[in-house]
Amino acid sequence: GEWLPHAVEPEAYNPAAIYAAGDGAVAKAGDVYRLKKWDVGFVGHLNDQARIDALDRLFKEFPNSWWASRRTGRLFEKAADIYTQSRICWNNAIRDDVNMRVFEVLATRSFLLTQDVPTIHELFTDGVHLVTWKDMADCIEKTHYYLAHEEERERIAQAGYREVLATHTFRHRVRRIVEVCGV
């Protein structure tokens, strides 16, 4: 068998909504401009005590943060809004594998700080497309660093966006299935 990782439909997570800038100007859909109002953002289930403890520690350290449950209505729009409005999007893996959140965040041109799992390195380059953390001390240290280094953070976010569009859409996965099946 062959491992076929998750992927993303970029249009589902494209921050296509119009965001108003602080000076009253309006950014049109597709513009690079994003209204960043949260230091850390998270979208996902809170059904694991380790995840709850990690988020509790992270949000105590960075109180200007926001989270939403995946059970929230308007999933795509709400997730894209939170990712887009967050300077850092936080993720931890489920079962030590790359989850959907990796692809969703990158599709919104947002910076991803994700748990270091072996399979992530098969898909992305740490420090180029996204940044990984090994434990919560490392996570907090990197969060402080990337909040203070906006240019570097945004450069990584843009590289992650380009990589996810170039190699990790559902279209890419379907092509691979067709290749493997010999259709």
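Reader: Once its neighbours within four places in sequence are left aside, which residues is Phe 124 in contact with?
Author: The model is predicted, and in it local features need pLDDT of at least 70, side-chain atom pairs count only at pLDDT 80 or more, while totals for chains, interfaces and linings use all residues. Residues are numbered from 1 along each chain as its sequence is written, and side-chain values use heavy atoms, with hydrogens and water left out. Contact means heavy atoms within 4.5 Å, and beyond those sequence neighbours Phe 124 has such contacts with Val 102, Phe 103, Leu 106, His 129, Leu 130, Glu 163 and His 168.

Reader: What pLDDT does the chain average?
Author: The pLDDT is the predictor's confidence in each residue, on a scale from 0 to 100. In this chain 84% of the residues score at least 70, and the average is 85.

Reader: Which residues touch the most other members of the largest nonpolar core?
Author: A nonpolar core is a set of buried Ala, Val, Leu, Ile, Met, Phe, Trp, Tyr and Cys residues joined through side-chain atoms within 4.5 Å. Buried means under 20% relative accessible area, exposed means over 50%, and partly exposed lies in between, with a 1.4 Å probe and protein chains only. Among the 22 residues of the largest core, those touching the most other members are Val 102, Phe 103 and Phe 124.

Reader: Which element gives the most to this core?
Author: Helices (DSSP runs of H or I, at least four residues) and strands (runs of E, at least two) are numbered from the N terminus. Two or more residues of this core come from each of α3 (75-84), α4 (100-107) and α5 (120-123). The one that gives the most, with five residues, is α4.

Reader: How many of the eight residues of α4 are buried?
Author: The buried residues are Arg 101, Val 102, Phe 103, Glu 104, Val 105, Leu 106 and Ala 107. Helix α4 is therefore largely enclosed by the rest of the structure, and the number of its eight residues that are buried is seven.

Reader: Is Leu 113 buried or exposed?
Author: Leu 113 lies in strand β6, residues 112-115, and its C-alpha atom is separated by 6.6 Å from that of Ile 88, 25 residues apart along the chain. Not counting residues up to four places away in sequence, the residues that Leu 113 touches include Trp 90, Val 131, Trp 133 and Cys 139. With a relative accessible area of 0%, Leu 113 is buried.

Reader: What is the relative accessibility of Arg 153?
Author: Arg 153 belongs to helix α7, residues 150-167. Leaving out residues up to four places away in sequence, Arg 153 touches Arg 87, Ile 88, Phe 111, Tyr 146 and Leu 147. Arg 153 counts as buried because its relative accessibility is 3%.

Reader: How many of the 183 residues of the chain, as a percentage, count as buried?
Author: The chain has eight helices and seven strands. Of its 183 residues, the share that counts as buried is 46%.
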